[in-house]
Amino acid sequence: DGTVRLWEVGSGRGVWVGEGHRGGVRSVAFSPDGRWVASGGEDRTVRLWEVGSGRGVWVGEGHTDGVRSVAFSPDGRWVASGGWDGTVRLWEVGSGRGVWVGEGHRGGVFSVAFSPDGRWVASGGGDGTVRLWEVESGRGVWVGEGHEGGVRSVAFSPDGRWVASGGDDGTVRLWGMGTFEITVRTYPASGGKRP
């Protein structure tokens, strides 16, 4: 319905409703300090909301198709977004300014995630690839290929040494950050046993 809603965990009470997206909201994320919520919508925008009041702070425009995923950097300075337009974008939390655009996915970007040290953004795309971007410059560092179908989710290990990806092909793949090379392990969906 185009809204972002905050709910109190203890009671289930609705605290506020953020209105402004024109179309479905596909992703929300809290900032590490809990002050902000970012949202990404079908209306091609990224929005920032103040948790305390529900006030809309800024609207980031630039994606040419719906926004599928948003994530905050560990230090809370940046928001990354991935869109159906195949781009990854970095936004400055303080101003809402678009910092860089990462291009290369041949299809929508389904998931974005920051490394624990905040130096990298990983993205998973409809083209079956996992890509790594340098936060400081927006430079694409490597492309991981091997999924047969879209990559729906990416996540870093807590120590930042690995990126995990989950795909439409029913596999989970683990990629080594130290080498920026090929898949280390693949876990099939059937049976959940290691190969």
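This is a predicted model: local features need pLDDT of at least 70, side-chain atom pairs count only at pLDDT 80 or more; totals for chains, interfaces and linings use all residues.
Student: Why does H63 count as buried?

Tutor: Buried means under 20% relative accessible area. H63 has 5% relative accessibility, so it counts as buried. Beyond its neighbours within four places in sequence, H63 is in contact with R44, S81, G82, G83, D85, T87, R89 and W91.

Student: What makes the pairing of the H63 and S81 side chains a polar contact?

Tutor: The N or O atoms must lie within 3.5 Å, one able to donate a hydrogen and the other to accept it. The side chains of H63 and S81 make such a contact at 2.8 Å. The side chain of H63 also makes a polar contact with that of T87, at 3.3 Å.

Student: S81 belongs to strand 8. How do you know that strand 8 (residues 78–83) is largely enclosed?

Tutor: Count the buried residues, those under 20% relative accessible area. In strand 8 that is 6 of the 6, so the rest of the structure largely encloses this strand. Both of its faces are covered, with W78, A80 and G82 buried on one side and V79, S81 and G83 buried on the other.

Student: How do you know that strand 8 pairs with strand 7 and with strand 9?

Tutor: Pairing requires at least two bridges. Strands 7 and 8 run antiparallel and are joined by 5 bridges, with A71 partnered by A80. Strand 8 and strand 9 (residues 87–92) also pair in the antiparallel sense, over 5 bridges, and here S81 stands opposite R89. The hairpin of strands 7 and 8 has 5 residues between them, with G76 in the turn at a positive phi of about 75°. The hairpin of strands 8 and 9 has 3 residues between them, and G86 in its turn has a positive phi of about 85°.

Student: R44 touches H63. What makes the phi of R44 worth a look?

Tutor: Most residues other than glycine have a negative phi. R44 is not a glycine, yet its phi is positive, about 75°. The residue sits in the loop between strand 4 (36–41) and strand 5 (45–50).

Student: Why is R44 called partly exposed?

Tutor: That class runs between the 20% limit for buried and the 50% limit for exposed. R44 has 44% relative accessibility, so it counts as partly exposed.

Student: What makes R152 a charge over the ring of F110?

Tutor: The distance limit is 6 Å from the ring centre. The charged end of R152 sits over the F110 ring, 4.0 Å from its centre.

Student: Finally, why is the protein chain called as compact as a globular protein of its length?

Tutor: Start with its make-up: 0 helices and 18 strands. The radius of gyration is 17 Å, close to the 16 Å that the globule rule gives for 195 residues, so the chain is as compact as a globular protein of that length.

Key
Residues are numbered from 1 along each chain as its sequence is written. Side-chain values use heavy atoms; hydrogens and water are left out. A charge sits over a ring if NZ of Lys or CZ of Arg is within 6 Å of the ring centre and within 35 degrees of the ring normal. Helices (H or I, at least four residues) and strands (E, at least two) are DSSP runs, numbered from the N terminus. Buried means under 20% relative accessible area, exposed over 50%, partly exposed in between (1.4 Å probe, protein chains only). The radius of gyration is taken over C-alpha atoms; the globule rule is 2.2 Å times the number of residues to the power 0.38. Contact means heavy atoms within 4.5 Å.
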